[in-house]
Amino acid sequence: RRRRVCPFASTTHYLFSRLLFSFLASLSTGCRKIFVGGLSWDTDDDGLRNYFSKFGEVLVAEVKIDPSTKRSRGFGFVTFRDSTVVSKVLAGESSHVLDNKRIDPKAAVGRGGGSTATKSKATMPGPFVGRVKKIFIGGLASSTTKEDIMDYFSSYGKVTEIILMFDQGTQKMRGFGFVTFDKEETVDKIVEEKFHKINEKTVEAKKAIPRPGRDNEDGTSKIGR
């Protein structure tokens, strides 16, 4: 007796197979992808590729560009052919220098709030407990300058970079920015206090963490205490 086959069975199986393939492919890509912060404004795709090629074969190297200014946004992404290369890169993350500027490679983080390979503590909801060298500062007075930021935070440790965000239309400071230090310990001390006073105005400091797909202008999201 001939067995009847549901006409939708093959279609359902096909769709399920495609979804499973896409899911596994995304996991594979995530294991092989890194976020690179702190890039020099002069670094381009080729420079990024050439630098990381010494660790292993690079499939994609992309520096993110601001669509308005056509300038680098100071961060990018690199995808390797072999996932083991990521471990080699991160093992020496404190010694990476590209175009005379220390850069900060991290494992890429998925849109779902966790690494596309694993859910790490650094990407789970709630207060961030990992170690970073960059902070987000919110609530700044519009008159605040980089010199004001430098004067205040230099008492905690060595400041390596200050970014204040401006409205592209009005050119006025938007009341927040990012400060990078040379040591994670400095950031830990700053966020312990959480609230600080700069130019007679109370501001809030939080750890800034790279989160590809949900990034601010400099490629970080403000998470933490």
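1. Tyr51, Phe52, Phe55 and Phe80 are joined by ring pairs into a cluster. Rings of Phe, Tyr and Trp (its six-membered ring) pair if their centres lie within 6.5 Å, and planes under 30 degrees apart count as stacked, over 60 as edge-to-face and the rest as tilted. The structure holds 14 aromatic pairs.

2. The model is predicted: local features need pLDDT of at least 70, side-chain atom pairs count only at pLDDT 80 or more, and totals for chains, interfaces and linings use all residues. Residues are numbered from 1 along each chain as its sequence is written, and side-chain values use heavy atoms, with hydrogens and water left out.

3. The chain contains five helices and twelve strands; helices (H or I, at least four residues) and strands (E, at least two) are DSSP runs, numbered from the N terminus. Of its 225 residues, 41% count as buried, where buried means under 20% relative accessible area, exposed over 50% and partly exposed in between (1.4 Å probe, protein chains only). Among contacts between residues at least 6 apart in sequence, 61% join residues at least 24 apart; contact means heavy atoms within 4.5 Å.

4. An open sheet is formed by four strands in the order S2-S3-S1-S6, with antiparallel pairing. Strand S2 (58–65) and strand S6 (104–107) stand at the edges with a single partner strand each, so one side of each has no neighbour in the sheet. From one strand to the next the twist averages 20°. Axes are lines fitted to C-alpha atoms, for helices over the stretch in contact, and angles run from 0 to 180 degrees between N-to-C directions.

5. Strand S1 (residues 33–37) and S6 run antiparallel and are joined by four bridges; two strands pair if DSSP finds at least two bridges between them. Within S6, lysine 106 is the bridge partner of phenylalanine 35.

6. Helix H2 (residues 45–52) packs on this sheet and touches S1, S2, strand S3 (72–80) and S6, its direction making about 140° with that of S2. Helix H3 (residues 84–91) lies across S1, S3 and S6 and runs at about 140° to S6.

7. Which aromatic pair does phenylalanine 35 form with phenylalanine 77, stacked, tilted or edge-to-face? The pair is edge-to-face, with 5.7 Å centre to centre and 65° between the planes. It links distant parts of the chain, as phenylalanine 35 belongs to strand S1 and phenylalanine 77 to strand S3, 42 residues apart. Their C-alpha atoms are separated by 4.7 Å. Phenylalanine 35 is buried, at a relative accessible area of 3%, and phenylalanine 77 is buried at 8%.

8. Two charged side chains sit over rings; the criterion is NZ of Lys or CZ of Arg within 6 Å of the ring centre and within 35 degrees of the ring normal. Lysine 33 lies over the face of phenylalanine 77, 5.1 Å from the ring centre. The charged end of arginine 71 is placed over the ring of tryptophan 41, at 5.4 Å from its centre.

9. Serine 72, in strand S3, is buried, with a relative accessible area of 10%. A polar atom of the serine 72 side chain lies 3.0 Å from the backbone nitrogen of glycine 74. Apart from neighbours within four places in sequence, serine 72 is in contact with Ser40, Trp41, Val63, Lys64 and Ile65.

Notes:
Polar contact = N/O pair within 3.5 Å; in protein donor to acceptor, adjacent residues only side chain to side chain.
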